[in-house]
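The following exercises are to be worked with the sequence and the coordinates at hand. Each task is followed by a solution in steps.

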Amino acid sequence: MIFGISEHEILSIVVTAILTIVTLMGSVIMAALMIPIERRLLGLWQDRYGPNRVGPFGSLQVVADMIKIFFKEDWIPPFADKAVFVIAPAIIMFTTLMAFAVIPFTESWTIANLNVGILFLLAMSSLGVYSVIFAGWSSDNKYALLGSMRTAAQMISYEVFMGLSLLGVVLLAGSFNLGDIVESQRGMWNVIPQFPAFVIFFIAGCAEIHRAPFDLPEAEQELTAGYHTEYSGMKFGMFFVGEYLGIVLISCLVTTLFFGGWLGPWLPGFVWFFLKAFFFMCFFILLRAATVRPRYDQLMAFGWKVLLPIALLNVAITGAIVVAQS
Amino acid sequence: METTFFIAGIVALAATLRTITCANPVHALLYLITSLLAVAIDFYALGAAFAATLEVVVYAGAVMVLFVFVVMMLNLNQETVTRERHWLRPKLWVGPSVFAAILLIAMVWSMTVGGAIGGIEGTPLSANAVGMALFGPYVLVVELAAFLLLAALVVAIHIGRDERNEARWKAEHGERETTQAGEQQ
């Protein structure tokens with residue numbers, strides 16, 4: 001007993017602390033690695049080389065970029081609202097990294113085994129909106145404000161479909177806990193009975209982290225760079241890495257919720273999780289290479305007129321089947 | 001958990017105080033969001049994890065975003081801040097302070113003298129129990145609330161539509177894609 005805490009508790013605290021650090025470092029490093037992978041893959045799919053000079057196969061390009069971005073002047077425009085301008089990029093990193101806390105990477109590797117895991121994820125993703133809104137507002141720039149207005153509408157709308165699509169999975173597992181949801185997929189991956197939910201979740205997730213083809217908030221042809229027009233140096237870097245963290249997070253979520261998480265034969269659980277998640281990360285890049293950006297009203301109409309009815313129908317049918325079986 | 005509760009409680013109080021006294025509306029909203037998050041942590045410390053996450057999802061994540069959205073459009077500048085400061089004169093604090101003092105007295109009384117009479121009894125509810133209650137004994141209320149919200153939605157769309165503008169758009173661009181007219185306003 002030390003300070004009224006038993007050795008067993010201290011051990012569990014130390015293990016959780018180590019797991020937290022490993023997960024934080026792992027997710028940030030994975031997000032950074034996504035940058036050269038994306039550029040090389042885009043090059044491959046667009047019949048060009050991509051960056052191939054720095055290091056073997058251009059793999060050290062990201063290191064060069066990082067050194068450059070760290071030594072850039074940390075400039076805040078004189079007309080900006082300084083406090084909010086500084087907080088904004090921190091919010092997106094914070095909320096996205098917090099969401100990694102509830103993801104079960106293997107049977108024993110979950111930092112916070114919350115009973116309301118899925119709701120926690122939704123809460124974190126809805127808080128992420130503030131980053132973009134405050135960035136756009138505090139910049140005091142019309143392009144930034146337009147970009148953040150679009151984001152607010154887009155993210156609030158697509159959050160609805162994201163939450164609804166998850167209801168089917170929750171009904172099947174009978175729990176909000178992500179570990180239980182993975183366990184419930186031992187017989188069959190959720191992607192088979194919940195295929196519409198999977199498609200809706202993937203689209204909504206893509207819109208939630210505003211990746212191409214849903215990158216309207218930063219559509220460079222019309223809005224220069226959208227909400228981060230005024231940002232430079234490491235603050236811009238945080239938005240940039242935040243976006244890739246978002247890709248890693250959504251890929252991990254798709255793996256956990258619809259593709260059986262760590263479950264799989266022969267290989268250890270973590271390897272299965274990594275392989276599945278990595279497949280979806282590459283799929284995000286393929287989406288960027290292969291799709292065009294819709295117009296803003298098309299995006300909204302698609303969400304409310306197509307995704308919402310399908311999501312509601314999916315919930316109703318799943319609910320009816322679950323009730324009939326019990 | 002008790003320490004967490006009190007730390008979060010103090011943060012909630014301080015943030016709420018700043019929400020009221022802050023002259024810059026967006027900063028005030030930031031403080032209000034912080035206060036909501038602190039209240040959510042308080043719920044969590046009390047063992048009501050479901051209520052805590054709902055607080056974040058609904059209030060901090062959805063309602064406040066709409067508030068920020070509206071305030072963002074108001075084209076705020078230094079002038080607004082000065083005007084707001086001018087509005088927040090000490091004389092205005094008298095009325096609210098009296099009522100707040102009454103509340104404080106009531107609370108202190110109920111915690112000390114009234115504590116013997118007994119507080120409100122209850123156990124924290126799980127998501128399951130909330131759902132059962134909503135769609136069991138309270139299903140009529142839920143349906144009525146749904147009616148009300150639907151009516152509000154229809155009215156908002158009706159008021160928000162500008163028929164003249166829509167007619168002009170149709171005349172200029174033919175019949176295609178009237179949805180864009182809504183975008184144009």
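A residue is buried if 20 or more other C-beta atoms lie within 10 Å of its own. The model examined here is predicted.

**Exercise 1.** Determine what share of the 185 residues in chain B is buried, and describe the secondary structure of chain B.

*Solution.* Step 1: apply the cut-off above to chain B; buried residues make up 15% of its 185 residues. Step 2: count the secondary-structure elements, which gives 9 helices and 0 strands for chain B. Step 3: read chain B along the sequence; the pattern is α-α-α-α-α-α-α-α-α. Step 4: take the contacts in chain B with a separation of 6 or more; 52% of them join residues 24 or more positions apart.

**Exercise 2.** Locate the spans of chain A that UniProt annotates as "transmembrane region", and examine two of them.

*Solution.* Step 1: the unreviewed UniProt entry places this feature at several spans of chain A, including residues 117-137 and 302-324. Step 2: residues 117-137 of chain A are 100% helix and 0% strand, with end C-alpha atoms 31 Å apart. Step 3: for residues 302-324 of chain A the end C-alpha atoms lie 32 Å apart, and the span is again 100% helix and 0% strand.

Key. Residues numbered from 1 in each chain as written. Chains lettered and ligands numbered in written order. Predicted model: local features only at pLDDT ≥ 70, side-chain atom pairs only at ≥ 80, totals over all residues. UniProt positions renumbered as here; feature names shortened; annotations may be inferred. Helix = DSSP H or I, 4+ residues; strand = E, 2+ residues; numbered from the N terminus. Buried ≥ 20, exposed ≤ 12 C-beta atoms within 10 Å, placed from the backbone. Contact = placed C-beta atoms within 7 Å.
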